[in-house]
Amino acid sequence: MKARRTIASLAAMLTCFSMAAQSNTLVIDAGAKGTPIQKTMFGLFFEDLNFAADGGLYAEKIKNRSFEFDNPLAGWDVIGNVRVMADGPFANNPHYVRLGYPGHPSMLTAICNEGFFGIGVERGHEYRVSVWARNSGDRPAEQINVQLCLPGTMGEEQAFCQGVITVDSPQWKKYELVLTSPLTSAKAEFRMILMREWRAHTPGQAVDLEHISLFPVETFNGDANGMRKDIAEAIAALEPGVFRFPGGCIVEGTNLETRYQWKNSVGSVENRPINKTRWSYTFPHRMFPDYYQSYGLGFYEYFRFAEEIGAEPLPVVSCGIACQFENEPHWHSDASLDELQPFVDDALDLIEFANGPVDSEWGRVRAEMGHPEPFNMKYIGIGNEQWGEGYPQRLAVFVKAIRAKHPEIAIIGSSGPYKDGPDFEYLWEEMRALGVDLVDEHYYANEQFFTENAARYDSYPRTGPKVFAGEYACHGVDGRKWNHFNASLLEAAFMTGLERNADVVHMASYAPLLAHVEGWQWRPDMIWFDNLQTMRSCSYYVQQMYATNCGTHSLPVLMNGKIVAGQDGDGFGEGLYASAVRDEVNRKYIVKVVNLAYEPKEITMKFDGLSRKETLDGTVTCTMLHSDDPYAENTIEAPDTIVPVESALNTSLWHKNTFTTVIGPRTFVVYTVQY
Ligand code: AHR
């Protein structure tokens, strides 16, 4: 774990707390076989929401690079003679711009792109400009001055780095140029200017430009058409077990036309048609009319990214029902059962795209994109937050088709958008009847839910579909709906219940994952970013403390014979939450304890059930997350306000596989013991 402060003496702090502490004994059944914890246990939910893809994880810096937004010049300022044309070389993105003689030798023709809330560049970093272009054939070559500028500078010149592209053919061709930025700015502008020589030219002469891209040379893992490095690295550092994509609601679409269609997101980037995203307008109080999905970050890139970060890919596809929140009760946008086959084909073809041989139709597409080996996809989600009878009716058709052709693929159904209630119960029953492998549960819930539901899964049936807690986050009430420490602490408490019930819960992901500080529609979110930096929220650190200490087997841990889930009980354990795992690969016992109380608690940890020869007496490493201010948060300006702190407990504390320590008030600690 990277971001850690060291503290001078946790021991001193613990001693001072110990005066007031109660005595609570956690009995960890270290000798138990334990419940295997799935590799997928702690994972990620990615959705192109909050500018998470274009303007975020996807490293492209030009907005509306193909001139396909409803306003084809959205994101662009034009000067002089610029016309939008519609007969370009890429059938799915036909628009391009024609830059012509400005009408007077002293005038100028140029286009300027604002990027996503500006263009972020860093000193000494290289940026590849690429453009498809052709000239009108009247001269052997035409030249375009390409610039990165600071329009608001007090300096003599706005351009701080520039180059020339010579368009030397009347045929469409791709031109490239690498610019090295001499400075760092989050708010640069990109310009393409017809060079001055054009002043003498005649009206018929022109240069056509299409698919204008500005891409950092350095991307995550050096991938072409890759990810923004800092954001991808923050994600990778979570060591996620599973990566769900591409959403959320965008899987469903506002209507079926705007659902996410994965086939549009593969193949050459120039020819991927853009899609409208509901996140531009769903919340009118945070509207972003210039928010579209370029599909530059498409299914190939998602699979590749999952592979690179060591997560199981979990694509979700439309079940033929558009977002019900956007449509019901007055409007419907569903495919009837008779119309469902293309949707089912999309699911089957997706499996072939991910796993099929290179001589299969879709396996060939994957291979041609650069990945002949299969992506080894094991899971597919069908539908997102559906409800009502229409969902199981349609899901049944998918289940039948996928089971028949791909019995090896696990199918994930949905329990709808609600955490409980009649719709939730109904869908769970239906999911059982359909025999899906996992059920995707969502709960964006208040503090009380997270405090009271650490035992949610203790009473779930042990047979039938497993749980994918696919979207959850603590949303503070009374205007406290942001990434404060309190929310993350309650999430940590709740997550002890996920870990304890690893036989039922096979996957869990906090949601959403990413948000641009200037372009968010939904919060809280796990990782925030601007055009230059990322900020890891306290919830990020909670997720990371679980995922990187996941272990291989969940062990029983009891206090006074009861699970430790915040219960009042006999006066002990009130506000305490705990779970324990054994990591058989790294030979560790790991105990997670959350103290929600406002006073410190003395806790004794007893590792029971070990044979005489098995003596635990080594160092106990404590990784602690705490803030004195429950509503403190990390920010872009102060990203390390609340970070995990690692320290070692005095080894002389051990006695007969038992040690006693004090956990501070309002604190989450991961205790690790080597065996
Ligand atoms: O995470 C934001 C949205 O919340 C998702 O798109 C949807 O699944 C849920 O309603």
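**Close-up views of a predicted model**

View 1. N376 sits in the loop that runs between α7 (361-368) and β20 (379-382). This is a predicted model, so treat each view here as a look at a prediction. Although N376 is not a glycine, its phi is positive, at about 60 degrees. Most residues other than glycine have a negative phi.

View 2. Start with E328 and P329, which are joined by a cis peptide bond with omega of about 5 degrees. To find P329, look in the loop between α5 (324-327) and α6 (341-355). Then move along to A511 and P512, where a cis peptide bond has omega of about -15 degrees. P512 belongs to the loop between β24 (505-510) and β25 (514-516). Most peptide bonds are trans.

**View 3. The whole chain, for orientation.** Step back for a moment: the protein chain has 12 helices and 37 strands. Its radius of gyration is 28 Å, close to the 26 Å that the globule rule gives for 675 residues, so the chain is as compact as a globular protein of that length. Along the principal axes, the C-alpha atoms of the protein chain fill a box of roughly 90 × 65 × 45 Å.

View 4. Zoom in on the ligand and you'll find 13 residues around it, with E47, C249, E385, Y444 and E471 the closest. That shell divides into seven nonpolar, three polar and three charged residues. Look for the polar side-chain atom of E47 that lies 2.4 Å from an oxygen atom of the ligand. N384 also brings a polar side-chain atom to 2.8 Å from a ligand oxygen atom, and for E385 the distance from a polar side-chain atom to an oxygen atom of the ligand is 2.7 Å. On its own the ligand has 280 Å² of accessible area, and the protein covers 96% of that.

**View 5. The second largest pocket.** This pocket holds about 440 Å³ of space. It is lined by 26 residues, and K174, F215, A224, N225 and V269 are the closest to its centre. Four elements each supply at least two residues of the lining: β10 (126-135), β13 (173-180), β15 (206-216) and α4 (299-308). Of these, β15 gives the most, with four residues. Sorted by class, the pocket lining has eight nonpolar, eight polar and 10 charged residues.

**View 6. The largest cavity.** Rolling a probe the size of a water molecule over the atoms shows where empty space is left. Searching the whole structure turns up nine cavities of 30 Å³ or more, and the largest contains about 170 Å³ of space. Its lining is made of 20 residues, and D54, N64, R65, F69 and S294 lie nearest the centre. By class, that lining has eight nonpolar, five polar and seven charged residues.

**View 7. The second largest cavity.** Here the volume is about 110 Å³. Glycines G55, G56, G118 and G120 are among the lining residues, and so are Y58, A59, E60, K61, F116, I119, R228 and N531. Count the lining of the second largest cavity by class and you get four nonpolar, five polar and three charged residues.

Technical notes. Residues numbered from 1 in each chain as written. Predicted model: local features only at pLDDT ≥ 70, side-chain atom pairs only at ≥ 80, totals over all residues. Heavy atoms only, no water. 1 Å grid on protein atoms, 1.4 Å probe; cavity = no way out; pocket = protein on both sides within 12 Å on 5 of 7 lines; lining within 4 Å. Points joined across faces, edges and corners; volume = space filled by probe spheres on them. Nonpolar A, V, L, I, M, F, W, Y, C, P; charged D, E, K, R; others polar. Near = heavy atom within 4 Å. Polar contact = N/O pair within 3.5 Å; in protein donor to acceptor, adjacent residues only side chain to side chain. Areas by Shrake-Rupley, 256 points an atom, 1.4 Å probe, with all protein chains shown as cover. Rg over C-alpha atoms; globule rule 2.2 N^0.38 Å.
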